[in-house]
Amino acid sequence: MYTIGEIAQILGVSTHTLRYYEKESIILPDRNEYGERRYTDYHLKWLTFILKLKETKMPITQIKEYTSLFKKGEQTTEARLKLLEDHKSSIEVQLKTLQETYIMLDKKISTYRELIRNKE
C-alpha cells in the first residue's frame with residue numbers, strides 16, 4: 001500500500017493532481033481507518049495508464065468517459081475499444097506533425113549552421 005505522497009512521487013505528479021483525479025472519479029483509492037488514502041499496485045498501474053493517455057493529449061472528458069465505461073464492465077468493451085482506437089488515430093496525427101516539424105527544424109538548423117560557417 002502506498003500513501004498519496006508516495007504514489008505522487010513514484011508517478012512524478014502532485015498530490016493535487018491525484019486529488020483532482022479522485023474528485024473526477026478517475027481513481028478511487030482505498031482509505032485506512034483514519035480516512036487516509038491508500039493506493040495499491042492496481043491503482044499504480046491504472047494511474048500509469050491514465051497519465052499516458054493524458055501525456056498523449058487525450059482530453060480529461062474522454063479519460064473520464066473511458067473510466068466510466070471501464071467501471072461498467074465487459075458490456076462496454078466495444079465502446080472502450082472505439083475510444084482507444086480513436087485516440088490512437090489522434091496520436092498518429094500528432095506523430096506525423098512532429099515528424100514534419102522535426103524535418104523543418106533540422107533544415108532550419110542546417111541553414112543557420114551554414115550561415116555561421118560562411119561568416120568564419
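Predicted model: local features only at pLDDT ≥ 70, side-chain atom pairs only at ≥ 80, totals over all residues.

Reader: OK. Which residues of helix α1 are buried?
Author: Helix α1 covers residues 4-11, and its buried residues are Ile 4, Ile 7, Ala 8 and Leu 11. They span an arc of only 100° around the axis, so they sit on the same side of α1.

Reader: What do the buried residues of α1 pack against?
Author: They pack against α2, β2 (37-38) and α3 (41-55).

Reader: Let me back up. How many helices and strands are in the chain?
Author: Five helices and two strands. From the N terminus on, the order is α-α-β-β-α-α-α. The chain is more spread out than a compact globule, because its radius of gyration is 21 Å, well over the 14 Å that the globule rule gives for 120 residues.

Reader: What box do the C-alpha atoms fill?
Author: Roughly 70 × 35 × 20 Å, taken along the principal axes.

Reader: And how much of the chain counts as buried?
Author: 25% of the 120 residues. The chain exposes about 8,900 Å², and carbon and sulfur atoms supply 56% of that area.

Reader: Back to single residues. Where is Glu 22?
Author: Glu 22 is in helix α2, which runs over residues 15-23.

Reader: Is Glu 22 buried or exposed?
Author: Buried. Its relative accessibility is 15%, and the cut-off for buried is under 20%.

Reader: What is Glu 22 in contact with, leaving aside neighbours within four places in sequence?
Author: Ile 27, Leu 28, Pro 29, Arg 31 and Arg 37.

Reader: Speaking of charges, how far apart are the mean positions of the positive and negative ones?
Author: They are 5 Å apart, for 21 positive and 18 negative charges in the chain.

Reader: Next, Thr 67. Where is Thr 67 found?
Author: In helix α4, residues 60-72. Thr 67 counts as buried, at 2% relative accessibility.

Reader: Which residues does Thr 67 touch, not counting those up to four places away in sequence?
Author: Ser 25, Ile 26, Trp 46 and Ile 50.

Reader: What share of the contacts with a separation of 6 or more comes from residues 24 or more positions apart?
Author: 48% in this chain.

Reader: What about Lys 57, what is its phi near?
Author: Near 70°, and again this is a positive value in a residue other than glycine.

Reader: And where is the place of Lys 57?
Author: Lys 57 is in the loop between α3 and α4.

Reader: Why does Lys 57 count as exposed?
Author: Because its relative accessible area is 61%, and exposed means over 50%.

Note on methods
Residues numbered from 1 in each chain as written. Heavy atoms only, no water. Helix = DSSP H or I, 4+ residues; strand = E, 2+ residues; numbered from the N terminus. Rg over C-alpha atoms; globule rule 2.2 N^0.38 Å. Buried < 20%, exposed > 50% of the residue type's maximum accessible area, 1.4 Å probe, protein only. Contact = heavy atoms within 4.5 Å. Areas by Shrake-Rupley, 256 points an atom, 1.4 Å probe, with all protein chains shown as cover. Lys, Arg positive; Asp, Glu negative; His and termini not counted. Charge placed at Lys NZ, Arg CZ, Asp CG, Glu CD. Arc of directions from axis to C-beta.
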